[in-house]
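Take a look at the model below.

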Amino acid sequence: MTHEATLRHALIQTLPLFEMMRMRAATTARRHPRLGFAGSDPAGGLRWVNHFTHTRRFLGPDDREVVSPNNDTLYSNAWLDLADGAVLIESPDMGERYWTLGLLDAWTNPFAYVGRRTTGNRPQRTLVHGPGWRGTVPPDVSTVVAAPGQDVWLIGRILTHRADEADIARVHALQAQLRLQRPDGREAASRLDARDGLPATGTPTAAHYVATVDAALRRNPVPAGERLTWPLAAADLDALLPAVYDELRQQGQGQPLGQGWTLPVAVRTHWGEDVRTRARVARNLIGALGVEEAMYPLAETDADGLPLHGDGAYELRFAPGQEPQVGAFWSLTMYRRSDCLFVANPIDRYSIGDRTPGLRREADGGLVLRLQPGDPGPGHNWLPTPPGEPFYVVLRLYQPGAAHLECRYAYPPIRRRPSVPRPQETPP
């Protein structure tokens with residue numbers, strides 16, 4: 001392997017580790033509601049870990065911390081620092097509601113879950129510990145999770161009906177009952193210096209990249225079965241870093257599913273030897289769950305293989321009885337291709353799916369979704385596209401059925417519609 005190939009492989013191998021440290025810097029709290037600021041400088045690098053923060057509203061176009069976010073659930077977020085011992089997660093009775101707490105290690109492996117699919121909706125206490133922990137498990141703990149490193153990203157998703165203020169309030173109450181503490185009942189919240197993860201956006205400098213990876217490797221060993229050539233000199237990476245970041249964004253988005261659809265994330269609990277896909281997902285879809293919890297089929301082209309563009313008008317039709325087969329729910333979400341984020345639109349709609357109020361089906365039971373920049377008129381299920389810009393869509397499938405997991409489901413194509421006048425523009 002040439003020197004440049006070795007450098008490129010090391011970058012691709014460690015890029016998820018770097019991006020996770022940036023996510024930690026971007027999503028941990030500067031201020032604790034009871035303990036105050038983590039540092040004397042609120043804008044500094046000290047952050048609170050082992051502490052939940054909650055998104056109280058649905059994410060929209062002004063939210064830029066997470067690429068390809070969902071628009072179906074309210075998030076609860078925590079970063080666990082297990083260097084000083086185990087942490088207990090308390091979760092309340094969730095009723096019949098879909099919810100999940102996905103645990104990702106520092107290399108983006110979605111190694112464990114707490115929630116509807118795996119541990120149920122009853123009140124429960126889950127103990128999470130790092131390597132080498134030898135403590136005592138309290139008797140009322142229902143689940144014990146062994147983490148491979150000292151840093152864990154805990155991403156909670158609770159299904160919420162966005163058009164129902166009472167339901168949003170109920171979810172806020174559930175979020176408030178998610179708690180982190182030590183096994184002996186002490187406060188778990190602690191301070192951690194996240195300066196290596198800042199700035200939290202953009203292509204990093206080589207010096208920033210190397211310093212961040214160096215620090216993260218001291219707390220999070222290379223996954224079993226991998227060999228890493230490290231450390232690297234920052235001077236060797238100056239030209240390669242921008243190229244690798246752009247390459248991972250432009251690279252084809254995963255396993256082909258037919259009709260223009262691909263599966264960018266096919267992991268279950270561990271990426272194994274597929275370090276390139278791991279890096280691409282960290283670059284474009286960081287925080288993605290494993291396929292048994294959620295699948296994310298993605299389309300960037302129409303039925304003719306042409307890139308989806310906001311100046312066109314498209315139609316996605318599910319034949320009768322052929323809507324996605326899920327144990328929880330599904331939705332189709334719209335993103336601008338350039339930055340993997342939502343784009344503002346006149347009806348504040350960024351996803352459409354089986355729970356969308358007023359969803360209309362055809363007389364035969366089929367379902368047609370219109371993807372276009374302008375209102376198609378009454379009687380249509382409209383998901384606005386970004387005018388003048390390329391876009392992509394993600395079909396989110398929570399608790400996907402066997403047809404999806406076994407790649408037997410026939411995904412319908414996104415077809416470009418001919419340019420026709422809107423109903424209100426029809427000449428007299």
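The lining of the second largest pocket has 8 nonpolar, 4 polar and 6 charged residues. Here Ala, Val, Leu, Ile, Met, Phe, Trp, Tyr, Cys and Pro count as nonpolar, Asp, Glu, Lys and Arg as charged, and the others, Gly among them, as polar. This is a predicted model, where local features need pLDDT of at least 70, side-chain atom pairs count only at pLDDT 80 or more, and totals for chains, interfaces and linings use all residues. Residues are numbered from 1 along each chain as its sequence is written, and side-chain values use heavy atoms, with hydrogens and water left out.

A pocket is an open set of points on a 1 Å grid over the protein atoms alone, where a 1.4 Å probe fits, with protein on both sides within 12 Å along at least five of seven lines; lining residues have an atom within 4 Å of a point. The second largest pocket is lined by 18 residues. Nearest its centre lie Arg22, Val67, Thr201, Gly202 and Arg283. H1 and H5 are the elements that give two or more residues to this lining. Helices (H or I, at least four residues) and strands (E, at least two) are DSSP runs, numbered from the N terminus. H1 supplies the largest share, 3 residues. The volume is about 420 Å³, counted as the space filled by probe spheres set on the points, which are joined across faces, edges and corners.

Now the largest pocket. Its volume is about 550 Å³. It is lined by 27 residues, with Thr27, Thr55, Leu59, Val66 and Tyr75 nearest its centre. H1, strand E4 (53–54), E5, E11 and E23 each give two or more residues to this lining. By class, the lining has 13 nonpolar, 9 polar and 5 charged residues.

Next, the core. A nonpolar core is a set of buried Ala, Val, Leu, Ile, Met, Phe, Trp, Tyr and Cys residues joined through side-chain atoms within 4.5 Å. The largest one has 60 residues. Leu15, Trp153, Tyr209, Leu237 and Val265 have the most contacts inside it. H1 (3–27) is among the elements that give it two or more residues, and H1 gives the largest share, 11 residues. Leu237 is in contact (heavy atoms within 4.5 Å) with Leu7, Leu11, Ala206, Val210 and Leu232, leaving aside neighbours within four places in sequence.

Last, the cysteines. How many disulfides does a search of the whole structure find? The search finds 0, a disulfide being a pair of cysteine sulfur atoms within 2.5 Å. Cys340 counts as buried because its relative accessibility is 1%. Cys407 is at 37%, so it counts as partly exposed. Buried means under 20% relative accessible area, exposed over 50%, and partly exposed in between (1.4 Å probe, protein chains only).
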